[in-house]
Amino acid sequence: MMSGYLFRNHRACTLPPSLRLVRLFSNRRDKDVARPDTPEYLEKKRLAQSVYTIWGRRAVYDVLSNEGLTFGKLHIDVNNAERAESGLLSSILHRARHKGVEVVETTREKVSRISKHGSQDQGVALDVKPAPGMLVGLPDYLDHLREHRKGEVVRIIALDGLTNPANLGMIVRTVAGVGRDHIDAVWLPHKASAMPSDPLVLRSSTGAIFKTKIVRCPETLEHALHDAKAAMPSTTVCVLDPLGEHDLFTMPDPAPPQRDDGAPVLLVYVLGNESEGVSQGVLAMAQQRIYIPMDKSSGVASLNVAVAASLICYKMLLRKNS
């Protein structure tokens with residue numbers, strides 16, 4: 001039954017019957033409302049996906065210390081700016097102006113909308129532009145592979161519901177360490193995933209987040225894998241599963257033969273949520289389920305997801321170097 005009550009600030013007010021339907025449809029999410037994807041909208045969306053927004057005073061201060069980055073705007077709560085006579089905030093403003101970063105003094109609410117972490121951003125948000133191609137959306141990434149990586153086997157680490165930012169940072173650091181010849185990118189869905197701009201990701205990755213190709217996948221990883229298989233039918237999905245059939249260290253290379261048409265072969269290694277593992281939808285798409293051998297007498301069933309990712313990465317490194 002449709003309710004005629006609108007709750008605001010814990011108080012209920014009754015809407016006139018003639019407005020109930022209008023209110024219902026005005027609250028619908030963007031994805032439920034048909035709207036044309038104009039070229040201007042798509043370009044704005046693409047640019048938004050190619051910029052990290054760093055929030056929190058310590059994280060912003062540390063990132064501004066990096067000499068190898070390009071910065072967009074520094075957004076700061078105007079009330080903070082007026083009080084920034086000393087301390088960390090003063091140092092942030094000094095560094096930003098020294099590097100020629102545009103400082104935008106705005107409202108607290110606007111900073112919160114930019115950071116998307118209003119309760120934690122401390123009134124400061126910084127746009128950081130990684131190197132070209134290091135932060136991309138999935139459609140652009142797949143287009144790039146089809147155009148520039150013909151005939152190659154491209155290996156990916158894909159994260160299914162990983163929510164701990166420290167784990168994400170450690171995985172990114174390992175991927176950066178083995179190099180893109182071995183692991184090309186990390187796929188990170190928008191839904192139910194740690195944010196790559198989280199200060200914990202910055203700290204645990206020791207800045208490698210800016211040197212690693214991060215592919216933002218719309219919706220869930222299951223949707224992303226469907227898109228990848230549609231674009232590249234030779235895509236192979238290997239899921240890390242304690243109940244898997246193939247030992248990571250003794251299994252042959254799971255990459256299928258190269259295609260006659262020269263299309264790239266995509267090999268995706270999937271790691272799941274820290275406590276629940278890989279989702280059922282993604283498990284159902286796996287061509288291979290692999291496991292990391294453990295001593296059964298130890299009572300330890302699995303490894304930390306960041307440690308497991310490291311073993312996969314170095315398996316790829318050793319395989320190519322042997």
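**Entry 1: the chain as a whole**

I counted the secondary structure and found 12 helices and 14 strands in the chain; these are DSSP runs, with helices (H or I) of at least four residues and strands (E) of at least two, numbered from the N terminus. I note that the model is predicted, so local features need pLDDT of at least 70 and side-chain atom pairs pLDDT 80 or more, while totals for chains, interfaces and linings use all residues. Residues are numbered from 1 along each chain as its sequence is written, and side-chain values use heavy atoms, without hydrogens and water.

I looked up burial next: 43% of the 322 residues are buried (under 20% relative accessible area; exposed is over 50% and partly exposed in between, with a 1.4 Å probe and protein chains only). Among contacts with a separation of 6 or more, 81% join residues 24 or more positions apart, where contact means heavy atoms within 4.5 Å.

**Entry 2: helix α5**

I examined α5, which runs over residues 87-98 and has 12 residues. From first C-alpha to last, α5 reaches 17 Å, close to the 16 Å expected at 1.5 Å a residue (1.5 Å times one less than the number of residues).

Which residues of α5 are buried? I found Leu89, Ile92, Leu93 and Ala96. They lie on the same side of α5 because they cover an arc of only 95° around the axis, taken from the directions from the helix axis to the C-beta atoms. An α-helix has 3.6 residues a turn, so residues three or four places apart point the same way. On the other side of α5, I recorded His94 and His98 as exposed. Glycine 100 follows α5 and has a positive phi, near 75°.

**Entry 3: aromatic rings**

Tyrosine 52 and phenylalanine 210 are edge-to-face, at 5.6 Å centre to centre and 80° between the planes. Tyrosine 52 is in strand β3 and phenylalanine 210 in the loop between α9 and β10, so this pair ties together parts 158 residues apart in sequence. Tyrosine 52 is buried at 2% relative accessibility, and phenylalanine 210 is buried at 7%.

Tyrosine 141 and tryptophan 187 have ring centres 6.2 Å apart and planes at 90°, so they too are edge-to-face. Tyrosine 141 belongs to helix α7 and tryptophan 187 to strand β9, so parts 46 residues apart in sequence are tied together. Both residues, tyrosine 141 and tryptophan 187, are buried.

Notes
Phe/Tyr/Trp six-rings, centres within 6.5 Å; stacked < 30°, edge-to-face > 60°.
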